[in-house]
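Please open the structure in your viewer and keep the selection tool at hand. The tour below moves from a whole chain to a few pairs of rings.

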Amino acid sequence: MPELSINGERHELAASVGTSLAHYLREDLGLTGTKIACNEGHCGACTVQVDGVPILSCITLVHTVEDREVTTIEGLRDHPMVNSFVRSDALQCGFCTPGQIVSATALVAAIPRPSSEEIKHAMSGNLCRCGAYPKIEEAISTWQD
Amino acid sequence: MARLIRTEKEVEGRYTEQWIVVDEDVLEQWPAGPLETVGRPVPRADGGQRARGEARYTADIKLPGMLHAAILRSPHAKARVRRIDTGRARRAPGVRAVLGPETGPLTDEPPYEGAPVAAVAAETSEQARTAVSLIEVEWERLEPLLDPEEAVRRNELIDEPNREERGEVERGLAESDAVVEAEYRTQTVLHNSMETHQAICEWDGDDRLTVYISTQFIWGVREEVAKRFGLPEDHVRVVCRFMGGGFGSKNGPGDYTYVAAELARATGRPVKCALTRREENLDSGNRNSTIQRLRVGARSDGTLTFLDGEFVNATGWDGWLASTGGPMRLLYACENVRTVEYGAKLNTPPMAAFRAPGFVEGTFGLECLLDELAAKLEIDPLELRRRNHSTHDAVDERPFSSKQLLECYRRAEPHWERRDEVRARSDATWKRGVGLASQVWYGGGGPPSYAWVRIGGDGRAAVITGMQDIGTGSATAMAQIAAEELGLPVDRIEVALGDSARGPYATISAGSSTIPSMGPAVRAAAADAARQLIEIAAQRYDREERVLSLKNGQIVSSDGGSWPLEEITGLLESGQILGKGSRGPNPTGMRVLTFGVQVAEVAVDVETGEVVVEKIVAIHDVGRVINPLGASSQVEGGIIQGLGHTLSEERLLDPSTGGNLTQTLDAYKIPTIADVPEIVTDLVDVPDEHLTNLGSKGLGEPPIIPTAAAIANAIRDATGADVRSLPITREEMLRALREASRQPAREEVGA
Ligand code: FES
Ligand code: FES
């Protein structure tokens, strides 16, 4: 049986071929922190990290991440970025927020103090219809405070 | 004693009269300015749950045995089903039920693309969608009506045209030294809430139904669902704990809820019906496009002599006539005003309320027109607005309950005065300029709305009410209000909401009404509980009630004694103190409105037509501000949606078939983080002394209203070009620039 690792835990991969990673996380494992807002790679709500790199789980087949390390919002709950988002009020309805935080934590892992330009570049694939953007930028620039 | 009174209620600018019962006790308003908790920044109470992905939205709820529905939607803008065969779908793997067009709300004569025709319930959503693709339909395609002007000519209207007139436009015209006439157009825009419309229906026997739904109004869903299925309202329970955005599109149950309920009844299992993003952009409502033919006249000193507007709303197959003429009627002092609004009934999806419906569109036209007039009269645009400031509602001669618009203008001055400096930063390609626009909207809320406050032995309090928090942070504001009244730190307040079986009736979260409607009820409930605490403490500590108060979690006596609240509540052990409160009436004979002004700074590349908005300053009067942190988020969110409306968003229909070409989020362009300008929020924060025990008005909608006109006016300031059509794409910008260069310089055409 193929395996993959999610938030540090190994899972046997029993899903049928053709299942998306987002679907597998939400439906098979009950990890509903990963949201689906478009299901076709246009919004970033479903962002997770594969070996630390943010990817869109709704257009990633689960079998392509076999033997890789997947990190979802559930694996990032204690990351200081979460409190930074709350402190800065960087969320309104919150539906895009887990995806935003997954992208933001990958960004600061690579660039701990990103500039405004770097934040805009790294985060522009995560849509937020509530328009929490100014405070998302603030949360990312102050995450270590 | 409860008193029965008749009062006026307003939602999204539509007024109705109704009876309400009010309690005798009227609380004095708190003093203006920040208090212990109210008026201070508080991060949202459920922010952590949402941020950590623990919050369970309707999209995340999975009931035991739950089936998934999928809907077959009409691929044609107008068609008839000649023959339908669901046989293959019924036999497909996982399918448990199929409904054909004979079951409402499904139809065999779909009047717009995306109208629901048939539906399937299956074990998984993939199986349901596969089965839908196996339904065979023979269509008879009919000629759709798509052109709103043609619909008006043919009298195909959603409702009677709305004609309103005060004074005499012809007289005003005769008195005018200058007249400006122009046609403005706004496009159809789509809400695109991140959580799509969805509901789960579960029957308990054949006469009790639970609906989990992403909604802005659990009580409205309860009422409509109960009516449709002939159930007592208390047999319908509606739950919405967390929801992922609505912006006006989730005010009622919608077809998907009825489809889920019918399929749940047919199968005896809970059924979820969730729209895909493409379905969301086909058939979940829209801000309808408009055509506005406007005229204004003024004396040479800038005094408006008349305003005249004809507004054509492309309402679609269903919906209501949004108040596109509202700003023209309400914003300025002008004796002669005439508006006529048409709602064209078309073979296009029904409109739905979208954040200040009508006023966003109408303000774009009106406030651009005012600037065109200012240019002609050579009067400063801010000064022109000041000269036409209205002191009362001229529609029905009522005084405003409060109006701080002149204060907004005063605060706008330093930003407005940057004009020369901003313009001076222009070069051969990039032209820079500053523009402004004013805003008027409703947002006073109204009764009925109720809240309970429960205090337990541990000295913690719960606010219990059947309202919903659609992402505006209203739950946090309620916790602040209760904390203030109870003298408790805000982290000792829990807010329980979003379940019609677990709290009293509460307002719709639309029309900027949650805080002005619910806040006073929560304060009244907390005051009721506080009064009981004081009465008990007076007996326990042998003091007179009037010397006792609640502060910082203590019961404080004016003689210096103080006792932790738990000492009193602890006496009760498992006992509880229960307070109840309701929303009182709005001030009689007054008009409650919100006001504001925004100043935009833009840069325009005159070679490519690219428009970059560099800064927006938003100054609004919404009465008392409960949570300045959440309030600034609301302002930013409104402006960013306004920015999309102004520059990038447009639902495109194929003009020959009526087919939607922008169903996906790569085709339909909402703003990203990279598009966001600097935003400065300045709220006047003066309580409306006539409005409720709080003096707070609503804030959800005002910030989106003036954004488009402020940007368009800044573009005119930068380039001299009149952009009159949204979105301001590069094509539109270049068209306006070409037109401006063909005209003689503005100085020569001045009045
Ligand atoms: S849900 Fe995956 S990108 Fe939108
Ligand atoms: S917070 Fe609502 S979509 Fe981002």
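**Chain B, from charges to rings**

Begin by selecting the charged residues of chain B in this predicted model: the 86 positive and 114 negative charges have mean positions that lie 3 Å apart.

Next, show chain B as a cartoon, where you can look for 20 helices and 29 strands. The C-alpha trace spans about 85 × 75 × 45 Å along its principal axes, and the radius of gyration of chain B is 27 Å, which agrees with the value near 27 Å for a compact globule of 751 residues. If you colour chain B by burial, 64% of its 751 residues come out as buried.

Now turn to the aromatic rings, which form 12 pairs over all chains. Select B:Y184 and B:F364, whose ring centres are 6.0 Å apart; because their planes stand at 85 degrees, and an angle over 60 counts as edge-to-face, this pair is edge-to-face. The two residues are 180 apart in the chain, with B:Y184 in strand β9 and B:F364 in helix α10. B:Y184 is buried at a relative accessible area of 0%, and B:F364 is likewise buried at 0%.

Then select B:F400 and B:F595, an edge-to-face pair with centres 5.4 Å apart and planes at 75 degrees. B:F400 sits in the loop between β18 and α12, whereas B:F595 belongs to strand β27, so the pair ties together parts that are 195 residues apart in sequence. Both B:F400 and B:F595 are buried.

Finally, select A:F95 together with B:Y57 and B:F242, which ring pairs link into a cluster.

Note on methods
Residues are numbered from 1 along each chain as its sequence is written. Chains are lettered from A and ligands numbered from 1 in the order in which they are written. This is a predicted model: local features need pLDDT of at least 70, side-chain atom pairs count only at pLDDT 80 or more; totals for chains, interfaces and linings use all residues. Side-chain values use heavy atoms; hydrogens and water are left out. Helices (H or I, at least four residues) and strands (E, at least two) are DSSP runs, numbered from the N terminus. The radius of gyration is taken over C-alpha atoms; the globule rule is 2.2 Å times the number of residues to the power 0.38. Buried means under 20% relative accessible area, exposed over 50%, partly exposed in between (1.4 Å probe, protein chains only). Lys and Arg count as positive and Asp and Glu as negative; His and the chain ends are not counted. The place of a charge is taken as NZ of Lys, CZ of Arg, CG of Asp or CD of Glu. Rings of Phe, Tyr and Trp (its six-membered ring) pair if their centres lie within 6.5 Å; planes under 30 degrees apart count as stacked, over 60 as edge-to-face and the rest as tilted.
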